[in-house]
Amino acid sequence: MSCNDAAEYVSALCDGEMIPPAVAQHIATCPECQVRLNDYLALSVELRRAGSLELAGAASSPHWTKPQNRVATWWQKGWGTMRIPKLAFGVLIAGVVVLASALAVTKARAHNTGTVVLLSTAGPNGPLGADCPMSTQDNSKAMCSWYGHVGSQFLAYKIRLLSRDGGRVLLGIRTLSYPLSSGPRNLSSFANDNEPGKKVWFEPGKPLKFDVPDVGTLTFKGQWLDRVPILGTLDPGPNELRLGRPLLLKDNVVFGDLSSSIGGYYSQDDPDLAIVIYVQGQGRFVLSELPIKGAVEAQVAMSRISFEAAGHSWQLVSGVPVCRSNHLWVLYQPHYQLHFTMKEHIGVGNARLVQSKPGLWVPQD
Amino acid sequence: MADDRKLWNRIENGDADGFDSWYRETAPHVRVFLRHLLGDEQAVEDVMQETFTQIWHHPHRFNPELGSPRAYLFGAARRQAADWKRKHKGSDELGSDPPVVNHLEIGSMVSEALSHLTPDHQTLLWLREVEGQSYEELAMILDLPLGTVRSRLFAAREALRTVWHVARQHSGGRP
């Protein structure tokens with residue numbers, strides 16, 4: 001046993017670790033190792049002393065402020081220093097409430113007379129895709145569809161708005177699900193079949209539960225709009241990732257138009273949800289603001305995402321600014337097996353990310 | 001561990017008081033840690049705010065199975081500091097500019113010696129010796145395999161010992 005062999009164990013000893021008996025024996029009898037041990041212990045004490053001094057200097061840390069407290073403080077201060085009679089102030093507030101209620105009723109009525117239902121769908125584990133508008137007047141804009149993984153199942157659904165009766169609409173819901181372990185299937189017949197499926201009445205404003213065997217309960221929520229929304233604001237939200245009529249370019253040549261796959265516009269603000277671009281026979285790209293294991297960093301310049309993968313340069317050009325960040329992470333999985341056959345050679349979906357270790361995420365499937 | 005879970009349940013449920021008390025307890029430690037990584041006081045404040053805000057808004061990103069909230073906090077602060085460096089200095093290598101820590105105020109030769117180590121060694125030693133993080137927590141914070149932590153700590157201690165000896169010789173052996 002040499003001192004060099006024992007040195008790392010001396011360090012481990014300082015951390016409260018157990019060490020092999022032979023090494024412990026050597027350290028007990030070796031003057032050089034004893035000196036090293038004493039040095040490490042002295043340094044440890046000095047570091048803790050220095051840390052304690054620095055912490056003492058940091059005692060005047062700013063307080064974590066809560067918005068609720070600010071509001072309460074403002075209200076209490078205002079109430080205490082009010083210069084008009086409190087009764088008059090009360091009447092004023094009551095008037096505002098009455099007027100606001102009237103406005104709310106008017107707004108609700110306006111919504112009931114809308115022509116578009118904005119549908120949001122959630123599965124057992126969270127949102128499925130982005131909100132989807134369905135028109136009661138334009139049959140070409142009366143359908144929402146989604147496909148992806150829900151737990152260990154593949155799920156595809158098509159929802160068609162069939163008719164309207166006052167404040168409610170009749171939906172035709174078709175679903176297809178199967179275990180991912182059973183391997184890929186061809187979805188052409190499902191995609192091309194225009195049968196409405198199960199018919200259910202849906203009233204926007206009231207959640208609708210819909211059970212899918214082996215997958216769980218889907219929850220639909222909706223609201224009335226006056227028109228089919230075109231885009232959000234120019235400025236993306238804090239966690240928003242969005243695409244508007246995107247084109248994928250490979251080595252500066254158009255590789256695919258993703259517009260039809262996303263219905264023109266796609267937006268999500270769940271940071272754990274990644275955008276996935278599937279390429280028939282060539283795997284998939286997974287895009288997220290979270291660092292994904294094995295991903296490359298992509299540069300984001302407003303509405304353009306640029307990255308290198310598999311020896312090629314790729315650009316995803318969107319009609320709207322993509323996100324607030326100036327970079328995204330892109331994982332290219334060339335051997336990813338699609339569990340379905342797409343009509344187009346390229347398509348968009350999403351995948352939930354889970355944390356595999358601190359600071360690193362992986363697609364759930 | 002049970003207390004950590006209870007605390008995190010409160011934070012996940014939007015309990016601002018719970019988060020506030022956790023902030024008061026941990027913020028001074030994070031501030032000192034970031035000073036060693038960044039040096040610049042304004043940068044430290046910016047990164048502190050970003051780190052705590054992110055955790056407050058997305059507490060579900062922390063997985064209690066992987067470690068303690070405190071270790072998660074230091075890991076998050078370290079990543080935010082790296083982001084700050086990348087945005088402002090064009091490099092995410094923490095400590096590429098030597099941090100400015102007032103060692104005269106601290107009054108310790110060991111702090112001066114520490115500043116001569118690589119950023120990774122500084123971080124490792126600070127979190128182990130001052131913050132008392134375990135090997136598992138260090139692996140979580142620094143994204144290192146668990147088996148690497150012990151050897152890295154040894155290398156860091158040895159580097160600090162060498163610098164410390166040189167400094168002592170120059171100062172005539174004064175500790």
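In chain B of this predicted model, Asp143(B) lies in the loop between α8 (135-142) and α9 (146-170), where helices (H or I, at least four residues) and strands (E, at least two) are DSSP runs numbered from the N terminus. Although Asp143(B) is not a glycine, its phi is positive, at about 55 degrees. Most residues other than glycine have a negative phi. Asp143(B) is partly exposed, because 14 other C-beta atoms lie within 10 Å; a residue is buried if 20 or more other C-beta atoms, placed from the backbone, lie within 10 Å of its own, exposed if 12 or fewer, and partly exposed in between. Residues are numbered from 1 along each chain as its sequence is written, while chains are lettered from A and ligands numbered from 1 in the order in which they are written. In this predicted model, local features need pLDDT of at least 70 and side-chain atom pairs count only at pLDDT 80 or more, whereas totals for chains, interfaces and linings use all residues.

Chain B has 9 helices and 0 strands, and its pattern along the sequence reads α-α-α-α-α-α-α-α-α. Of its 175 residues, 38% count as buried. Two residues are in contact if their C-beta atoms, placed from the backbone, lie within 7 Å, and among contacts in chain B between residues at least 6 apart in sequence, 63% join residues at least 24 apart. Helix α2 (residues 16-38) of chain B spans only 28 Å between its end C-alpha atoms, whereas a straight helix of 23 residues would span 33 Å at 1.5 Å a residue; the expected span is 1.5 Å times one less than the number of residues. Within α2(B), a kink of about 40 degrees lies at Thr26(B), shortly before the proline Pro28(B), the bend at a residue being the angle between axes fitted to the seven residues ending there and the seven starting there. Just after α2(B), Gly39(B) takes a positive phi of about 80 degrees.

Chain A contains 7 helices and 23 strands, and 28% of its 365 residues count as buried. Among contacts in chain A between residues at least 6 apart in sequence, 61% join residues at least 24 apart. The pLDDT, which is the predictor's confidence in each residue from 0 to 100, averages 80 in chain A, with 82% of the residues scoring at least 70. Over residues 66-72 of chain A the pLDDT is below 50, and this stretch has 4 contacts in the model beyond near neighbours in sequence.

Helix α1(A) has 12 residues and reaches 16 Å from its first C-alpha to its last, close to the 16 Å expected at 1.5 Å a residue. Buried residues in α1(A) include Ala6(A), Tyr9(A), Val10(A) and Cys14(A), and just after this helix Gly16(A) takes a positive phi of about 80 degrees. Elsewhere in chain A, Met302(A) is placed in the loop between β17 (296-301) and β18 (304-309); although not a glycine, Met302(A) has a positive phi of about 55 degrees. Met302(A) is partly exposed, because 13 other C-beta atoms lie within 10 Å.

The contact between the chains takes 30 residues from chain A and 37 residues from chain B. On the side of chain A that touches chain B, α1 (3-14), α3 (31-57) and β22 (346-357) each supply at least two residues, and α3(A) gives the most, with 14 residues.
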